[in-house]
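Welcome! Take a moment to look over the chain, and then we will walk through it together.

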Amino acid sequence: MASSEDKLHVTRRHLPHWSLAGAWYFVTLRLRTRHLARTEIALLRDHVVSGDGRFYELLAVVVMPDHVHAVLRPRQGYSLSRVMKGIKGTAARRLNELRRTKGKVWQDESFDRIVRDQAELEEKLNYMFLNPVKAGLTDDPDSYPGWFIKRK
């Protein structure tokens, strides 16, 4: 996943945040209050996908009515905190424009975890894929509008 020569940095607000150059992260963003409508779910999925290749490499994202999970790796020159600020800020602006509202959309802090190995990566992707099924949103996760996985 990441080179052993890279330095691990740990910061903390309410949650610990570990950063390691070249690492893949499993991240979770939570909405403050209001749930996303189906069109908003697709809008957010497209927004996260649009940053792939510019600010980060995206492996997968699932947008749920009250949270978002993604597996991504920041590109060189971008920290994970900068990537998350960009995703959340632009998404909040777009949602507020669509809803004709103002104010905060996301909880202040996001959860992030460095993906340590291939087994953990597969576990996170499977969890994300089945999340809409477990929530009763679909019987077919491939057709869920909030799901995206990069196919090679």
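Where does A23 lie? A23 is found in the loop between β2 (16-20) and β3.

## Before we start

This is a predicted model, in which local features need pLDDT of at least 70, side-chain atom pairs count only at pLDDT 80 or more, and totals for chains, interfaces and linings use all residues. Residues are numbered from 1 along each chain as its sequence is written, and side-chain values use heavy atoms, with hydrogens and water left out.

## The overall layout

The chain has three helices and seven strands. Here helices (H or I, at least four residues) and strands (E, at least two) are DSSP runs, numbered from the N terminus. Following the sequence, the order is β-β-β-α-β-β-α-β-α-β.

Of the 152 residues in the chain, 43% count as buried. Buried means under 20% relative accessible area, exposed means over 50%, and partly exposed is in between (1.4 Å probe, protein chains only). The accessible surface comes to about 9,000 Å², and carbon and sulfur atoms hold 50% of this surface. These areas come from the Shrake-Rupley method with a 1.4 Å probe, and for residues only the protein chains shown count as cover. Among contacts between residues at least 6 apart in sequence, 64% join residues at least 24 apart; a contact means heavy atoms within 4.5 Å.

Let us return to A23. At 1% relative accessibility, A23 counts as buried.

Leaving out residues up to four places away in sequence, Y25 touches several residues, including W18, L20, V71, P74 and I114. The C-alpha atoms of Y25 and L59 are 34 residues apart along the chain and separated by 9.9 Å.

## The nonpolar core

What makes a nonpolar core? It is a set of buried Ala, Val, Leu, Ile, Met, Phe, Trp, Tyr and Cys residues joined through side-chain atoms within 4.5 Å. The largest such core has 40 residues, and V71, L72, I87 and W106 touch the most other members. The elements that give two or more residues to this core are β3 (25-30), α1, β4 (56-63), β5 (67-74), α2 and α3 (118-134).

Which residues does I87 touch, not counting residues up to four places away in sequence? They are L29, H47, V48, Y56 and L72.

Rolling a probe the size of a water molecule over the atoms shows where empty space is left. On a 1 Å grid over the protein atoms alone, a cavity is a set of points where a 1.4 Å probe fits but cannot get out, while a pocket is an open set with protein on both sides within 12 Å along at least five of seven lines; lining residues have an atom within 4 Å of a point. Grid points are joined across faces, edges and corners, and a volume is the space filled by probe spheres set on the points.

The structure holds one cavity of 30 Å³ or more, and about 40 Å³ of space lies in the largest cavity. Its lining is made by V27, L29, V48, V68, H69, A70, L72, M84 and I87. β5 supplies the largest share of this lining, four residues. By class, the lining has eight nonpolar, one polar and no charged residues. Ala, Val, Leu, Ile, Met, Phe, Trp, Tyr, Cys and Pro count as nonpolar, Asp, Glu, Lys and Arg as charged, and the others, Gly among them, as polar.

The second largest pocket holds about 240 Å³ of space. Of its 13 lining residues, H47, F55, G86, I87 and T90 are the closest to its centre. Two or more lining residues come from each of α1 (38-50) and α2 (80-99), and α2 gives the most, with six. This lining has five nonpolar, five polar and three charged residues.

## Two exposed arginines

R38 lies in helix α1 and is exposed, with a relative accessible area of 56%. R38 and M64 are 26 residues apart in sequence and 9.3 Å apart in space, C-alpha to C-alpha.

R100 is found in the loop between α2 and β6 (111-114), and at 80% relative accessibility R100 counts as exposed. Most residues other than glycine have a negative phi. R100 has a positive phi of about 60 degrees although it is not a glycine.
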